[in-house]
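Trainee: I would like to learn how to read the features of a model like this one, step by step. Could we begin with aromatic rings?

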Amino acid sequence: MPSLPPPVWAELYYGGAWHDISGDVRVATSAVTITRGLTSESSSEAEPTSCTCDLDSRDNGYAPRNPMSPLYGLIGRNTPFRFGYNVGSPWAQFDNPDAGYQALFVNNTPALNVAGDLDLRLDIALDDWSTSQLLALRAVPTTNHCWALMIVNGALTLQWYPDGTTASRVYRTATEAIKGYRGQRMAVRAVLDINNGAGGHTASFYTGRTVDDEEWTMLGVPVTGTGTTSLFTGTAYMEIGGSFSASNLSPAGGFIPDMRGRAYALQLRDGNTVKVNMSTRAAAPGGTSFVDSTGLTWNRGGTAVLTNRHVRMAGEVPAWPPTRDLSGADNYVSINPSGLLRRIDAGNRPQESTLLRYIRARRPIECWPLTDGPRSAYARSLVGGQTMQQKIKAGDTAAEWQAGSLAEWIEPVIAVKAETTGAIRGDLPRSTAAESLWSIDLFLSGGGTPSSGQFTISDRGSGTDANPQNRILITFTGSMDQLTVIRETYSTVSSSSALLANVANVGIYDEDPHHLRLTIDPQGPDTFWYLYVDGQLASGGTITGIALRAAKTVMLGWGYATIDGATMTDRSFGYITYWDSTGPTAAQMYEAYLGFQGERAGARIERLAAEAGYTVSVAGETAYQQPMGIQGRKKILELLNEAARTNFGYLLDRRDAAELIHRGHSTLWNQHPALVLDFEAGLISPPFRPLDDDKLTENDVSVRREYGSFPARQTLDTGELSVQPPEAGGVGRYDTEHTYSLYTDDQAEQVAAMRLHLGTYAGVRYTRITLNLANPRVHQMIDAILRLDVGDKVRLTRLPPDHGPDDVDVLVVGYSEEAGPDAWTLTLTCVPAQPWTAGVVGSSLYGRVDTGGCQLTSAVSATATSVPVTTTGQARWVDSATYPSDFPFDVRVGGEVMRVTACTGTTNAQTFTVVRGINGVTKAHATGQDIRLAHPVYIAL
C-alpha cells in the first residue's frame, strides 16, 4: 500500500547545474500542489502551470538577500525549479549526449530473426521529434547488418540489408514527418511487406499510443519499391537508443546521432507472430537487466539508466518570501514556481505588427520604421543606428508623422500629402557582410493618380575617379503604372547614367499595401540587380563593367506632377530596411507585411515563439492545422492563444521543461482511452457530481473572420438541443457570436459548424474527476495516471444507473494535484469526448456513416430479436447478403443498444436481426422509435 507523503523530489538550477533539494521540501507537514492546463470546462485558454511548495530554510539557505546564505548570489528571481515523484515502473533514459554509449540491448537469439514481413513497434518519448536520430537496430559491422529504424529530418525511416552488407542497404522514408511536441510520448511503427503481390515491396509507417494498439494513424502514404526483398537474419544483437559498434548507418552513409529521450517498450513481429515483446515495466528502477514477457534478457548499455523519476512540474521561482513562526525558531520559504506562460504574459510591451516583429527578430543591418511620434523631426533607427533626417528646402513640406497607414494591422507611418515635395535621407552603417550582396526594402500604400517620387540608394564609393560613387534610382510614375530604374555614376570629373528598366504594370498605385525590394549582387567586374514588387521578381539585369559596393545612403523623395489635370494623392511610406545576404527573401518580407495570411496555426505558434526567444513545439499534422488570418497587433501571448484557439487545441507549459507546447485539434480526434476508470471498483473519489445543464449550450452560432466580411451562421433547427422552444422539443435559442483569426470566409462556416457541434452535445458532463493516488486500487494504475496529460481521453465505466447505461468518454483539459502528509490526489478538469469522434474511411472502428433518419416500422417487445425498420433518410442500411464484412454493428433505440448481426431487404423497409441489451438495457419499444448508430462519427474540422 502506498504511504503518505508520497516519494517526492525537487531540484533547483544554479551554478550551471541542477541541484537536489528534496530533503528541504516540507511535504511531511504541508502539501505541494500543482495546477496545469484549463481551470474550468468553459475556459478557452490555459493558465500558467503553478506550484506551491514550502522549503525548509532554517539555515537561511533560501534567503537570496542574506549575504550569509550558502546560495547567496546563486538563486534569485526566476531560478529554474522542477518537482516530481519517484514512483511506478521505470523506463530507459537516454539523455546525456556527452556520456557516450547509451542503450538497451538483447544478445543474439533466434527470436530476433524475421523471415517474412517485418513489423517493428516502439513506445518512446523523444527530446526533439524533428531531429535525425537512431531509434532501434540490429546490426554489427561489417557483414552482419539486419535492419535499423531511425528518424531522418523528422521522418521515420526504415533501413534494411538483404545480404547483411552495407552495400546492400535499402531504405524507405515516411512521406509525412512526425509532428510531435518535444518530450511527447507516442508509439511509432514501421511495417515492411517484403512481397506486396505486385512484384515489389512496401513500407508503411504509423503512430499510435501503445505498441498493442489495434488502430494506428498512418504517416503519409505507403512507400513502394520495385522488386521483392528480404531481411538478413545474421547473428547481431538488438539495441534501442544507440549503437555500440555499428557505424555508417544513415541512409546516405556515415554517422547518425543516437536517440535522446526515453524508451518504454518494443515489439517485434514476423508478420502477425510476436517474436519480441519488451516493456520496461518488467525492470526495477536502477537495475541493470530484466526479462521481458517473451523470455529475453535485456541489459542496460553504457550510461543509460532505468528510472521512474517523473517530472510533474518544471518552471521558475519568481520570488523567495521568507516566513517564520512567531517564536523565531522555525524558518521556511513558501515558493510559488510557475511555468513559462506567466513570464510571457508579465510584461506590458507595446503591441507590434507582424512586420515590426519579423524585422526585429531577423536583425537587419539597418531599419527605419518611420513610425515615430506626431511631433518627430527625424526617424529613429530600430537597431540603434543613425537617425534618418528630413531634407527640407524652400517650398518643401515635411512629411506628417503617424498620419499614414500601410495597412490596418501595421503601425502608423509617415504620410506624404498630395501636392507636396520633400525628402528624407539616412546614412547606412558600414557592413563587410553586405559587400557580397545587399538588399533594401521599402513599404508603401496609397496613390491612385500620376504620383511622382524617387527612391535613391547610393553605394560606398567616394566619388573620385579611382572610386566613383554609384546610385540606383527607382522613380515612381503613377500615371503609367510604372517604375523606372536608373543607374547613375559620379566621379571627380565625370558622370554617367543609364536606363536599366521601365517596369510596367506594377500595380502599386492604389490603397493596398505594397512592397519594393532592390537587391544588388556584385559578381567580379559586373553587378546583377533585381527589383521585386510584392514579393515577386519584377525586373532585373546586369550592370556591365561596374561593381557596386555596399550601400551607404538611402533617400526617399516625393513631389507632385500635373498630367491632364490630375494631381498626386496622399501616400504612406515605412520600414526602410537594409539587409545582407543572410536576410529574409522578398517573398518572406511580403508575407510578414500582409500578416502571414494563410499561415498554419502551428507554424504561427512556432514562428511567434522563435521571434520572442522562446522554445515551443507543436503536435498535430501540419495539413490539418487551421490556416490563420492576418496577424494583428497584439501581445505575444494573445497571438499564441489566438492561434491555439483557431486550431481548437491547447497551448500549455510543457510539463517536464521550461518550454511551451501546442496540441492541435487533429491529436484529439479518435483517441484510444489513456485511462479507464471503473466506478464500481472504487477508482473515482468524491466529489463526483456530473452536470446536465445548459452551461455550454450554443445552438445558434455566428463566427466572424477578423478583418473579414459578414459573419457565418450555423443553427441547430431540430432535435432535443435545437433552437425550437421546449414545448416543440428543443431548448430555445442560445445565440453566440465569436471572432476568429481565419484565412477565408469559408473557414468561418466550418468553425461555426464546429462550435455548434460542441455546443449541442446532449450528454451528461463530468467536469471534475478526482483520483486518490494513495488508494491501493488506484495506485496500481499509477503508470497510466502519471502519463495522462491535457488533451487525453479518459473512459468512465460501470457508472451508477441514474447516470445512464453507457460508458462515458471525457477529454482532460486541465488538472490539479496535491501531494502531502494527508492526501495524494489528482483532480481532472474534463469536457465531453464523444463529439471528438471523426469518420475515417476504411476504419473498422470509425468507418461507418450514421443514418440520415430511421425508425421502427412497428413496435417490438423486450425480447424480440427481429426488428423491422424503415429508413426515412436518403440512404438505406447495408444488407448482410451484399455486404457481409460490414457486420456486426451497434444501433441505439430508445436508450437500448442492440447489436445488428444481419439485415435483410434492399429497399427502405428492412429487417434487423439483433442481439439485445448490449449496454445492459432491455425494454419494449413503440412504433416510430428513432434508430441511430450507437457510436456515431462526425466530419472532422
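Mentor: Rings of Phe, Tyr and Trp (for Trp, its six-membered ring) pair if their centres lie within 6.5 Å, and planes under 30 degrees apart count as stacked, over 60 as edge-to-face and the rest as tilted. By that rule, ring pairs link Phe443, Tyr575, Tyr590 and Tyr593 into a cluster. Before going further, note that this is a predicted model, in which local features need pLDDT of at least 70 and side-chain atom pairs count only at pLDDT 80 or more, while totals for chains, interfaces and linings use all residues. Residues are numbered from 1 along each chain as its sequence is written, and side-chain values use heavy atoms, with hydrogens and water left out.

Trainee: How many aromatic pairs does the structure hold, and how are the rings of Tyr101 and Phe244 arranged?

Mentor: A pair of aromatic rings is described by the distance of the centres and the angle of the planes. The structure holds 21 aromatic pairs. In the pair of Tyr101 and Phe244, the ring centres are 5.2 Å apart and the planes stand at 65°, so the pair is edge-to-face. Tyr101 sits in the loop between strand E5 (79-94) and E6, and Phe244 in the loop between E16 and strand E17 (261-270), 143 residues apart; helices (H or I, at least four residues) and strands (E, at least two) are DSSP runs, numbered from the N terminus.

Trainee: Which of these two residues is buried, and which is exposed?

Mentor: Buried means under 20% relative accessible area and exposed over 50%, with partly exposed in between, using a 1.4 Å probe and protein chains only. Tyr101 is buried, because its relative accessible area is 18%, whereas Phe244 counts as exposed at 58%. Another pair, Trp877 and Phe889, is stacked, with 5.6 Å from centre to centre and 10° between the planes, and both Trp877 and Phe889 are buried.

Trainee: Which residues of helix H3 are buried, and where do they fall around its axis?

Mentor: An α-helix has 3.6 residues a turn, so residues three or four places apart point the same way. In H3 (residues 586-593), the buried residues are Ala586, Met589, Tyr590, Ala592 and Tyr593. Viewed down the axis of H3, they fall within an arc of 160° (the arc of the directions from the helix axis to the C-beta atoms), so they line one face of the helix. These buried residues pack against helix H2 (354-362) and strands E30 (438-445), E35 (514-523), E36 (526-533) and E39 (571-579), where contact means heavy atoms within 4.5 Å.

Trainee: What is the order of strands in the open sheet of eight?

Mentor: Strands of a sheet pair through backbone hydrogen bonds, either parallel or antiparallel. Here the order is E11-E10-E9-E8-E16-E6-E20-E19, with antiparallel pairing, and two strands pair if DSSP finds at least two bridges between them. The edge strands, E11 (170-173) and E19 (289-291), each pair on one side only. Within the sheet, E6 (residues 102-106) and E16 (residues 238-240) pair over three bridges, and Phe105 has Glu239 in E16 as its bridge partner.

Trainee: How many residues does the largest nonpolar core have?

Mentor: A nonpolar core is a set of buried Ala, Val, Leu, Ile, Met, Phe, Trp, Tyr and Cys residues joined through side-chain atoms within 4.5 Å. The largest has 79 residues, and Phe81, Leu677 and Leu796 have the most contacts inside it. Strand E49 (residues 808-819) supplies the largest share of this core, seven residues.
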